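Reader: I have a structure open and would like to go through it bit by bit. Can we start with the terms and then move to the details?

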Number of protein chains: 2
Amino acid sequence: MKKLKVIKIGGNIIDNPAELQAFLKDFARIKGLKILVHGGGKLATKLAKKMNIPVKMIDGRRITDQETLDVITMVYAGKISKNIVTKLQSFNCHSVGFSGADGNTIVSEKRPVESVDYGFVGDVVCVDTTTVELLLNGNITPVFCAITHTKKGQLLNTNADTIAAELAIAFVKKYKTELYYCFEKSGVLENINDENSVIDNITKENYKTLVTNGVIADGMLPKLSNCFDAIAKNVSKVCIGKQSMLFDENSKFTTIKA
Amino acid sequence: MKKLKVIKIGGNIIDNPAELQAFLKDFARIKGLKILVHGGGKLATKLAKKMNIPVKMIDGRRITDQETLDVITMVYAGKISKNIVTKLQSFNCHSVGFSGADGNTIVSEKRPVESVDYGFVGDVVCVDTTTVELLLNGNITPVFCAITHTKKGQLLNTNADTIAAELAIAFVKKYKTELYYCFEKSGVLENINDENSVIDNITKENYKTLVTNGVIADGMLPKLSNCFDAIAKNVSKVCIGKQSMLFDENSKFTTIKA
């Protein structure tokens, strides 16, 4: 069975042109099948401010009205995606920018309004791997932004971590899939201020303790939830850490295990 | 030999949501292989104004500095492209949004600075059909925006009419290609104020007279130049008119002939 690496990068790389350039150069050299998933970083917020569109956040989540959806679509699927693709091509990595609408790859539904109306935010319903597989077989790397659609003509803002997990899960029957979350820290840290306190392995057992002790909190909770979802659905390897975990054998990172 | 239709739509369709929706519904039903190329309409200018980026035009051509290139990339490759793709998917037309950077499909070079510095504007150098063909063979319709790249990591703003012509030309060895320019008039008009004065055929012979008489002027000159280029390079059919020429047998339009 061939291997497929699904690699998600976040704002710490996206927002820093020099870091992004360096990452893409390394990424281009990764052998075998790979998919890149990128978040949006701070650019969408910056653009919204320039356009005098108020940024509404509840519990760290963006409320996506029509204007905000337009901003996100422009920034994620336009500026960031196409700049990543042209850079990858310059490093001889054949790539195509994707949203979930392209090839009808990721269908989502608008999050139901309960205590909060998140607006045009989508929860993933299903993944159709056909078009992506066609490209992977043609030695082309899909680059995904964090936008999905309803298949009824509506784009939806969707969590990039979830998109990465769902893509990895969707391919487990075809490939031995691995999921890598690159972020600003060397992994899940026992002590958030100590980069040397990386927890090597997180399992269902120590996870509970880590949550109870407050070691895993805030944004790490949904990230870990995506990790466990991927592991439960047979993704063969799930790791969290700095992008160096992909390129440097001596790099420390956290592996999530069943 | 299979047929391939390359269809370019302009601002008159893009800028009108109801018209765009109706066009895409009809477009989705077109049988056989097809590529859609879209211009940007007025949205890029609107966004630039909102962001207080001055719009600089010389002889009707946009001067593209870095900020303007970002706006164009966001609007063309982001908002317009992804909205077209999701709408097409809702009409069961399998599609993927493309720029020239995706799949390294359209490589251009920055227009040399002579009397005018157009900035990040690209003239097409070559077309690599590999990725697009992979999709066409998979029954997927590529949707192109008017952005190309240098293959050295630089995106470039490129004329949508030219992109359509270059794509049609690039496929002549594989398919019997047809090129359709949809715009706001029923074709090239003998009298610009009379929609019934459509010139059925334009050949190299009557073209000279039409230019001399001022019937073909301004924006029609480069459009016709693209048409003759396509015809000279064995595109089998080149037509200009309203989008109805694609769907309605009784529609009038102009055919460009050798």
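Author: One term to begin with: strands are DSSP runs of at least two residues, numbered from the N terminus. Keep in mind that this is a predicted model.

Reader: OK. Which residue is the bridge partner of Leu36 of chain A in E8(A)?

Author: The partner of A:Leu36 there is A:Val143.

Reader: And how many bridges join strand E2 to strand E8 in chain A, and do they run parallel or antiparallel?

Author: Two bridges join E2 (residues 33–38) and E8 (residues 141–144) of chain A, and these strands run parallel.

Reader: What holds strands together in general?

Author: Strands of a sheet pair through backbone hydrogen bonds.

Reader: What is the order of the strands in the open sheet of chain A?

Author: The order is E5-E8-E2-E1-E11-E13-E14-E12, which makes eight strands with mixed pairing. E5 (95–98) and E12 (201–202) of chain A are the edge strands; each has a single partner strand, so one side of each has no neighbour in the sheet.

Reader: Which strands does helix H2 of chain A touch?

Author: Helix H2 (residues 17–29) of chain A packs on the sheet and touches E1 (3–9), E2 and E8 of chain A. The direction of H2 makes about 160° with that of E2(A).

Reader: What about helix H8 of chain A, what does it lie across?

Author: H8 (residues 220–232) lies across E1, E11 (176–182), E12, E13 (237–241) and E14 (254–256) of chain A. H8 runs at about 160° to E13(A).

Reader: Now H5 of chain A. Which of its residues are buried?

Author: In H5 (residues 130–137) of chain A, the buried residues include A:Thr131, A:Val132, A:Glu133, A:Leu135 and A:Leu136.

Reader: What covers them?

Author: The cover includes E1, E2, E5 and E8 of chain A, along with strand E5 (95–98) and helix H5 (130–137) of chain B. Just after H5(A), A:Asn139 has a positive phi of about 65°.

Reader: Switching to chain B. Is Lys5 buried or exposed?

Author: B:Lys5 has a relative accessible area of 19%, and the cut-off for buried is under 20%, so B:Lys5 is buried. B:Lys5 sits in strand E1 (residues 3–9) of chain B.

Reader: What is it in contact with?

Author: Leaving aside neighbours within four places in sequence, the contacts of B:Lys5 include B:Ile30, B:Leu33, B:Glu178 and B:Tyr180.

Reader: Last one: how can chain A be laid on chain B?

Author: A turn of 180° with a shift of 0.0 Å along the axis does it, with an RMSD of 0.0 Å. The two copies are therefore related as by a two-fold rotation axis. The same surface serves both copies, since 100% of the contact residues of chain A recur in chain B.

Methods:
Residues numbered from 1 in each chain as written. Chains lettered and ligands numbered in written order. Predicted model: local features only at pLDDT ≥ 70, side-chain atom pairs only at ≥ 80, totals over all residues. Heavy atoms only, no water. Pairing = 2+ DSSP bridges. Helix = DSSP H or I, 4+ residues; strand = E, 2+ residues; numbered from the N terminus. Contact = heavy atoms within 4.5 Å. Axes fitted to C-alpha atoms, helices over the stretch in contact; angles between N-to-C directions. Buried < 20%, exposed > 50% of the residue type's maximum accessible area, 1.4 Å probe, protein only. Least-squares fit on C-alpha atoms with pLDDT ≥ 70 in both.
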